[in-house]
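Open the structure in your viewer and keep the selection tool at hand. The stops below say what to select and what is there.

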Amino acid sequence: MTQPLLSVENLSTWFHTSSGVARSVDGVSFAIGAGETLGIVGESGCGKSVTALSILRLIQPPGRIEAGSRIMFEGKDIVTLDDKGMRGIRGNRISMIFQEPMSALNPVFTVGDQVAEVARVHGNGSRQDAWNRAVEMLSLTGIPSPEERAKQYPHQLSGGMRQRVLIAMALMMTPALIIADEPTTALDVTIQAQILELLVELQNRLGTSILMITHDLGVIAETASRVVVMYGGEVVEEAEVKTLFAGAHHPYTEGLMNAMPQITASRGRLNVIPGTVPSPTEWPSGCRFRDRCSYAWERCEREHPPLYQISGSHTSRCHLAVEPERRAHPHLPLVEQANATV
Ligand code: SF4
């Protein structure tokens, strides 16, 4: 990658609550090049959405971005930018597509008004200019009869159409980066495929970078060129998408791959990762995945794994990188052993 468009360096976003400090994002680093789609994948609670909100500086107290974090975007550090500087970036140079189109739209305004509002807030043109651009953007996202649809209210549109409206809003100011947080989760499977296809097509046409946040490796395979896997508030694996699908290294990524529904899988048998993500106020010592890992041994409890280089730009936060012979001896993960003795 040449000069990255966005570079997240050692990002820590912690929530200082009465029950302890939740280290939801804990020393995360990654970069996105111009025109690139980077996927961030992981279960709920792994820190991916907090990472996205941190990039837009939308973290509310008791959460805060900790000292030592840097988010470099177009030569500026977002972490230290003043409010005026941030308004110039949020919705303008970086925009976001949320996962629930119905709650992201205001039910009492027409969709055309809501799309045009983005230009009115960030641009200098007339109301008519903003409206014309809104219709143009609705048309670009494949909404049929966009002049008519623009005059309708959100409840008059299907879920897929509403998501296209949100994409039109995100594109209004021709941003350099779009953050898409689970953009298809709330949609039917057939509509999901259409929306992903639309995002890829628009990106090819407009050259916008996309940060695709999802729990679904299938979405990553459809859209991204590189992927960051998060677990326990940390990056645990990063690779080109084709490298990851050819051979994931981290046991958590392996678990995510195995949990993907297979057309050939026998009925009723889905592979699941045992247990749940631990609380961010109490990450385990050593490797944060160790209670759920079938390879864990004593070193995993004692030593927090660094990001080891596997090959080229492929990295993994797992001691198996330096003791690969351990892979030959899997056993029941600790959480399954505990369940077995109940
Ligand atoms: Fe499993 Fe140990 Fe690797 Fe963690 S470091 S993923 S516990 S093998």
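**Stop 1: Asn10.** Select Asn10, which lies in strand β1 (residues 6-17); helices (H or I, at least four residues) and strands (E, at least two) are DSSP runs, numbered from the N terminus. This is a predicted model, in which local features need pLDDT of at least 70 and side-chain atom pairs count only at pLDDT 80 or more, while totals for chains, interfaces and linings use all residues. Residues are numbered from 1 along each chain as its sequence is written, and side-chain values use heavy atoms, with hydrogens and water left out.

Most residues other than glycine have a negative phi, and most peptide bonds are trans. Asn10 is partly exposed, with a relative accessible area of 42%; buried means under 20% relative accessible area, exposed over 50%, and partly exposed in between (1.4 Å probe, protein chains only).

**Stop 2: Pro61 and Pro62.** Go next to the peptide bond from Pro61 to Pro62, which is cis, with omega near 10°. Pro62 sits in the loop between α1 (48-55) and β4 (63-65).

**Stop 3: the sheet.** Now show the strands. In which order do the eight strands of the open sheet lie? The order is β7-β8-β9-β3-β10-β11-β13-β12, and the pairing is mixed; two strands pair if DSSP finds at least two bridges between them. β7 and β12 (308-311) are at the edges with a single partner strand each, so one side of each has no neighbour in the sheet. From one strand to the next, the twist averages 20°. Axes are lines fitted to C-alpha atoms, for helices over the stretch in contact, and angles run from 0 to 180 degrees between N-to-C directions.

Select β12 together with β13 (residues 314-316): the two pair in the antiparallel sense over three bridges. Ser311 stands opposite His314 in β13.

**Stop 4: strand β9.** Select residues 209-214, which form β9.

β3 and β9 run parallel and are joined by five bridges; Gly39 has Met212 of β9 as its bridge partner. β8 and β9 also run parallel, with five bridges between them, and Ile178 stands opposite Ile210 in β9. The chain crosses from β8 through α8 to β9 in a right-handed β-α-β crossover: with the strands pointing away from the viewer, the path from the first strand over the helix to the second runs clockwise.

**Stop 5: helix α7.** Select residues 159-171, the 13 residues of α7. At 1.5 Å a residue, α7 should span 18 Å, and its end C-alpha atoms are 19 Å apart, which agrees; the expected span of a helix is 1.5 Å times one less than its number of residues. How many of the residues of α7 are buried? Twelve of the 13 are, including Met161, Val165 and Leu171. The buried residues pack against β7 (94-97), α3 (101-104), α4 (111-122), α5 (127-140), β8 (177-181) and α8 (189-206).

**Stop 6: helix α5 and what follows.** Move to α5, whose 14 residues should span 20 Å at 1.5 Å a residue; its end C-alpha atoms are 20 Å apart, which agrees. The buried residues of α5 are Ala130, Ala134, Val135, Met137, Leu138 and Leu140, and their cover includes α4, α6 (146-149), α7 and α8.

After α5 comes Gly142, with a positive phi near 85°. Ser145, in the loop between α5 and α6, has a positive phi near 45° and is a residue other than glycine. Ser145 is partly exposed, at 45% relative accessibility.

Definitions and conventions: Contact means heavy atoms within 4.5 Å.
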